[in-house]
Amino acid sequence: MSFAENSQKELDRVGRLISQLLQFSRPDKVEAEELVLGTFLEECAELASMHSTVRHCSVRLDLGEDTFAVFRSSADLLQQIVLNCMLNAADALVDSAREDGEIVLFGRRDRGRVRFEVRDNGGGVSEEVAARMFEPFFTTKEAGRGTGLGLFVCQLLAGRLGGEISAGNGAEGLVVKIFLRDVGEGVCL
Ligand SMILES: Nc1ncnc2c1ncn2[C@@H]1O[C@H](COP(=O)(O)OP(=O)(O)OP(=O)(O)O)[C@@H](O)[C@H]1O
Ligand SMILES: [Mg+2]
């Protein structure tokens, strides 16, 4: 690789790193707002499709009977979590080179909580990666493509929303599960 190419990769890597950190370090309190499950996930899908890697994947929503379910949370922070997971899914689908690559955004109300899943059919992770994927700076991607902060930041954000995030292999790829508390009116996160 030439010096110029290498420098560009390093710049990309540092740029990504800074934007990941800035996303989390915004100190201002965010107020929870009323969100509609189907509308919220549709917006996530639309935003994600602006990324070149996601544009080539098909994205499907699985909302069961809960398309119009209402809950309170921070759209901004929750969106960052879902988008990060979608970018990871798209990366896995690119690597798997399968033609029927699909990202499924699953959402349900679940006894006072809201349950989200971001699923892909990109092959999932090894046991070793599964054990380490939420660690800061853990990445299996080459320099310039991943900083290893995506899931770490997602975990911090989920905690701030009063929720939890976990990931494991499903039938054909990774399943990331996000459980959120439905916070009350006027609550600051
Ligand atoms: N959907 C997925 N399928 C397969 N592996 C995944 C998936 N999501 C995450 N991983 C694995 O977990 C690692 C950590 O993910 P994380 O989002 O934290 O970092 P990254 O994607 O490598 O870099 P960054 O998100 O900072 O650009 C990835 O490098 C990859 O090995
Ligand atoms: Mg990532």
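This is a predicted model: local features need pLDDT of at least 70, side-chain atom pairs count only at pLDDT 80 or more; totals for chains, interfaces and linings use all residues.
**Conventions.** I number residues from 1 along each chain as its sequence is written, and chains are lettered from A and ligands numbered from 1 in the order in which they are written.

**The chain.** I listed 6 helices and 7 strands, taking helices (H or I, at least four residues) and strands (E, at least two) as DSSP runs numbered from the N terminus. The order of elements from the N terminus is α-β-α-α-β-β-α-β-β-α-α-β-β. Of the 189 residues, 30% count as buried (20 or more other C-beta atoms within 10 Å of the residue's own, with C-beta atoms placed from the backbone). I define a contact as two C-beta atoms, placed from the backbone, within 7 Å. Among contacts with a separation of 6 or more, 72% join residues 24 or more positions apart.

**Helix α4.** I found 22 residues in α4 and a reach of 31 Å from first C-alpha to last, close to the expected 32 Å (1.5 Å times one less than the number of residues). Just after α4, A97 has a positive phi of about 55 degrees.

**α4 with α6.** I fitted axes as lines to C-alpha atoms over the stretch in contact, with angles from 0 to 180 degrees between N-to-C directions. The axes of α4 (residues 75-96) and α6 (residues 150-160) come within 9 Å and cross at roughly 155 degrees. The two helices are therefore roughly antiparallel (angles over 145 degrees). I note their crossing as left-handed (the near helix turned anticlockwise from the far one by less than a right angle). On the α4 side I list L77, Q80, I81, N84, C85, L87 and N88, which meet G150, V153, C154, L157, A158 and R160 of α6. The residues of this contact divide into 8 nonpolar, 4 polar and 1 charged. Nonpolar means Ala, Val, Leu, Ile, Met, Phe, Trp, Tyr, Cys and Pro; charged means Asp, Glu, Lys and Arg; the others, Gly among them, are polar.

**α2 with α4.** For α2 (residues 37-48) and α4 I read axes within 10 Å and a crossing of roughly 55 degrees. This pair is therefore oblique, and the crossing is right-handed. F40, C44, L47 and A48 of α2 make the contact with A75, Q79, V82, L83 and M86 of α4.

Technical notes. Angles under 35 degrees count as roughly parallel, over 145 as roughly antiparallel, 65 to 115 as roughly perpendicular and the rest as oblique. A residue is buried if 20 or more other C-beta atoms lie within 10 Å of its own, exposed if 12 or fewer, and partly exposed in between; C-beta atoms are placed from the backbone.
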